Amino acid sequence: MSKGLLLTPGTTRLTELRHIYRRDLCADINESCKNRVDAAARVVADAALSDEPVYGINTGFGKLASTRIPAEQTSQLQRNLILSHCCGVGAPLPRAVVRLIIVLKMLSLARGASGVRWEIIERLQTLLRLDMIPLIPGQGSVGASGDLAPLAHLTAAMIGEGHVFYRDDKMPAAKALQAAGLEPLELGPKEGLGMINGTQVSTALALAGLFDAWNLAQTALVSGALTTDALMGSPRPFRDEIHALRGLRGQIDAALCLRALLEDSEIRESHREHDDRVQDPYSIRCQPQVMGACLDQFRQVAQMLEIEANAVTDNPIVVVDDEAILSGGNFHAQPVAFGADQCALAIAEIGSIAQRRIATTVDPAQNFGLPAFISPDPGLNSGFMVAEVTAAALMAENRQRAMPCSIDSTPTSANQEDHVSMACHAARRLAEMNHNLAHIIAIELLISTQGIEFRAPVNTSPRLARVMQRIRSEVTPLQNDRYLADDIASVKRLVMDRSIIEALDEYGLLPHLQP
């Protein structure tokens, strides 16, 4: 287990969360928060003993909020809440996502507005430190009021119910706690409600989708530059003067990146004169405009998710300074749902323009002298013919998945929760969309690399040559037809593990998600 980070609730940065997600880091909460957490817990404890009804503390939940609960049953109330809400279905969420969920829940509770004891936060930290990962089914949340079912599965593990992954094995949570020398927690007033009322599952899934999508966007700029050179396209549309006049940051950054990637290309110099083509197809010429718009979308979502990651999103909220407990609706994940939809649109568009570049490169009518389907012997060999078809299928699938989830509300809980966000599955689909996009980019990298090799003896730029060298370390050039699925899978791994990006790290030319 890697060394942990010390996080301060309210000011945790996206870069820290990305490190936790990618590098398997633990996290601890700055104990300067403890006094406020303890003060909020005392407010809740007093309310539990009061004759005044306070939602979720001495009342039932949802449509049952009018039912009063005696003080001696508040602990049983919270336990029942967790058990009854463990209704998730489907495949378990990935381990890295669950770790991120735990960190986000720690950050929210440690703001001192949820009314839980410090022991709850400590137990979450312990789960991370022991790498005891609750099994959380991926389906069952509508994104309001909070991610109830999946967060109930997280909480169940803390009280010795449900299952966890521990020591490379799936086991009952009670058995894992016993093996680690831990007692199941007994929940105090509001602690079950504080655990399950929140947007942390939707937000963690959206963050994971955003982190991977940004890396894919960077890689798509690289694959697009390779295709531009393979097609002997012109870099003139990437000149700064064009993009400065529009003024959009993402477009300016994308153009700058493409110019830097293509700098000193011998292929470019070989056709600077006596080239009858006046303009390249849009999928080449408009890369800064399309990719830049996608970069801007991701950056806007990143700004929102950083705020949401630090937010208090349960209900009711404890205002320590006034010793007040206020019912509200911060659990409604509409911002996250909108952000996930924005990411989905951008992911689909990156795949769309990449697929058009692939189609152009394999088409002898458009690829400016390259052999059909980038095969040395087309006819006897089909080359990359069906690889392009696969890219088209994945592109279409991502287009369909990009349809907005955030407008698909439906009433639940006997119409008490009559408008919901659908943020959880809006964010969960991003993982599969990213894998589809990674395959599309891998196919483009394979085809464009071979296309550039057909331009020998003139060479591409030194920077793109380094990327090609990394690809050729895994996959040899296609001569006669062979089983291509393994080639695609190998390059897809390079895309997903950031090897393509890392081949260019020393140049510092790829756009950054945040300043």
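Helices (H or I, at least four residues) and strands (E, at least two) are DSSP runs, numbered from the N terminus.

A word on the model itself: it is predicted, so local features need pLDDT of at least 70 and side-chain atom pairs count only at pLDDT 80 or more, while totals for chains, interfaces and linings use all residues. Residues are numbered from 1 along each chain as its sequence is written, and side-chain values use heavy atoms, with hydrogens and water left out.

Back in α5, quite a few residues are buried, among them W118, I120, I121, R123 and L124. Buried means under 20% relative accessible area, exposed means over 50%, and partly exposed is in between (1.4 Å probe, protein chains only). Just after α5, D131 takes a positive phi of about 55°.

D131 also turns up in a network of salt bridges, together with D24, R95 and R99. A salt bridge is a side-chain nitrogen of Lys or Arg within 4 Å of a carboxyl oxygen of Asp or Glu, and by this rule the count comes to 25. In the pair D24 and R95, the closest N and O atoms are 3.1 Å apart. This pair ties together distant parts of the chain, 71 residues apart: D24 sits in the loop between α1 (14–23) and β2 (25–29), and R95 belongs to helix α4 (residues 95–109). D24 counts as partly exposed because its relative accessibility is 24%, and R95, at 35%, counts as partly exposed too.

Other salt bridges stay within one helix. D253 and R249 meet at 3.5 Å, N to O; they are four residues apart in helix α11 (residues 249–262), so about one helical turn separates them. R249 is partly exposed, with a relative accessible area of 39%. In helix α16, E397 and R401 are likewise four residues apart, about one turn of the helix, and their closest N and O atoms are 3.1 Å apart. E397 is partly exposed at 29%, as is R401 at 28%.

With M385 and V389, V386 forms a nonpolar surface patch of about 240 Å² of accessible area together. Patches are made of residues with over 30% relative accessible area and no salt bridge, like charges being joined within 9 Å and nonpolar side chains (Val, Leu, Ile, Met, Phe, Trp, Tyr) within 5 Å. The areas come from the Shrake-Rupley method with a 1.4 Å probe; for residues, only the protein chains shown count as cover.

Helix α17 (residues 423–453) has 31 residues and reaches 45 Å from its first C-alpha to its last, close to the 45 Å expected. Of those 31 residues, 24 are buried, so α17 is largely enclosed by the rest of the structure. There is a kink of about 25° centred on A431, the bend being the angle between axes fitted to the seven residues ending at a residue and the seven starting there.

As for strands, β4, β6 and β7 make an open sheet in the order β4-β6-β7, with antiparallel pairing. The edge strands, β4 (133–134) and β7 (169–172), each pair on one side only. Two strands pair if DSSP finds at least two bridges between them; β6 (residues 163–166) and β7 have four. In β7, K170 is the bridge partner of F165.

Note on methods: The expected span of a helix is 1.5 Å times one less than its number of residues.
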